[in-house]
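Here are my notes on the model you sent over. Have the structure open while you go through them.

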Amino acid sequence: MPSEQILKKYANLIVKTGANVRPGQVVQLTASVEQHAFAALVIEACYRAGARRVNVNWESDEKTRLDFQYAEQEELARVLPWEEEKARQMTDDLPCRIFLESEDPDAMAGIDPEKLSAVTRSRRGVLKRYRNEIEGKHQWMVAGVPGEKWAKKCFPDLESGEAVAALWDAVLRTVRVTEDNDPVAEWKAHTDYIEAKAAWLNAQGFSSLHYTSTNGTDFTVGLIPGAKWVGAGSVNEHNGVFYIPNMPTEEIFTTPMAGQCEGTLVSTKPLCWNSQLIENFSITFENGRAVSCTAKRGQELLEKLLKMDDCSAMLGEVALVPKESPINRSGLLFYETLFDENACCHCALGAGFKEVLPDSGELSVEQAQARGVNNSLIHVDFMVGSEDLAIDGIRPDGSREPVFRNGTWA
Ligand code: ZN
């Protein structure tokens, strides 16, 4: 197991470099009850950074599973007044939100996907207005903390303790925390590199990207004129504070033009959604919408996902990640999007990010949608990067520029 010293280093990195908690801010921490010890290190780091108050949402895979096994769908779908008030309170506090992910990837295996998606849809429908209200106006970040079941999923041949230690080792490697390094300095160099690549893409002025791979991917996606490519960090528009929403992060992404893509994307890694797996799948798009899909595992779930709402069959993100990413080099499937999405190039079904638009601060979600930013209840990443993925950037005059060759920067 990692030493207390290295765990403190990681907790500190999450709070100072990730969420960048400032004096006087409220922090909303979400963590599994299994992670109470690591959560305590994070809470302490928040208070040391000057947090005014740290609130915690404790979660439990077992509790959630039992809810879905025994409680009625209508009951679970209901957002109680105090839950809504809690969401409303965030619009006053604009808290830093820190999410510690340690979920068992199989936590909801065997639960009716219809029940899961119906409950998710109706709860998000009620709570979305509060989320929209704080969007872009607060700092947030997601980091992984190995739990026992998650570790056993990644290392099925090891006994529990060894599996947890092995997953900790992999997680700390991907977030650049070692016994004797200065992770804050490493992250500065890493984010500078990502920002240089994003600046190059922004200077090219591509209007579309064309993806090809021998696995069958042949796909063209339109980009929003003037939309930025961004990576690594974001700025809280409310207070100007720079923060890093995901650790690890290797991607440079933008929001494509909703309704403008054609062709087929073939997945290159399994997708874990609502704690269930979708594997070996492909999605075919026409006029910007997914019109068909096939999956060796989880076909029904994938179809449900595409039908979550009017816009869940359209794309909200395209992201570029070279195959040299430490997540990819680990050779490990983490069964957790936070890690797996940083292994290779990916796209996301559902909501786009309005922050990529140049004047996003003043735009409502509806105005951003009119400019081409997809608006949906879901945002689900799926991996399409392969060893031989080629991506060409196409400019408005039709000229082409290689962006990716053989799975990495051309
Ligand atoms: Zn992404």
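**Notes on the sheet and the cores**

1. Let's start with the open sheet: five strands in the order 7-11-16-17-18, with antiparallel pairing. Bear in mind that this is a predicted model.

2. Look at the edges next. Strand 7 (230-231) and strand 18 (379-383) sit there with a single partner strand each, so one side of each has no neighbour in the sheet.

3. How is strand 7 joined to strand 11? Two bridges do it, and the strands run antiparallel, with strand 11 covering residues 252-254. If you want to find the spot, valine 230 has phenylalanine 253 in strand 11 as its bridge partner.

4. Helix 9 (residues 183-204) packs on this sheet and touches strand 7, strand 11 and strand 16 (315-320). The direction of helix 9 makes about 40 degrees with that of strand 11.

5. Now the largest nonpolar core, which has 55 residues. Tyr10, Val21, Phe38, Ile98 and Leu100 are the ones touching the most other members. Elements that each supply at least two residues include strand 1 (26-32), helix 2 (36-48), strand 3 (96-101) and helix 8 (160-174). Which helix gives the most to this core? That's helix 1, with eight residues.

6. Isoleucine 98 is worth a click. Leaving aside neighbours within four places in sequence, its contacts include Ile14, Val15, Ala19 and Val21, along with Val27, Leu29, Val42, Cys46 and Met141. Gln28 and Thr30 are also among them.

7. Apart from that core there's another one, of 44 residues, including Leu305, Cys347, Val403 and Phe404.

Note on methods. Residues are numbered from 1 along each chain as its sequence is written. This is a predicted model: local features need pLDDT of at least 70, side-chain atom pairs count only at pLDDT 80 or more; totals for chains, interfaces and linings use all residues. Side-chain values use heavy atoms; hydrogens and water are left out. Two strands pair if DSSP finds at least two bridges between them. Helices (H or I, at least four residues) and strands (E, at least two) are DSSP runs, numbered from the N terminus. Contact means heavy atoms within 4.5 Å. Axes are lines fitted to C-alpha atoms, for helices over the stretch in contact, and angles run from 0 to 180 degrees between N-to-C directions. A nonpolar core is a set of buried Ala, Val, Leu, Ile, Met, Phe, Trp, Tyr and Cys residues joined through side-chain atoms within 4.5 Å. Buried means under 20% relative accessible area, exposed over 50%, partly exposed in between (1.4 Å probe, protein chains only).
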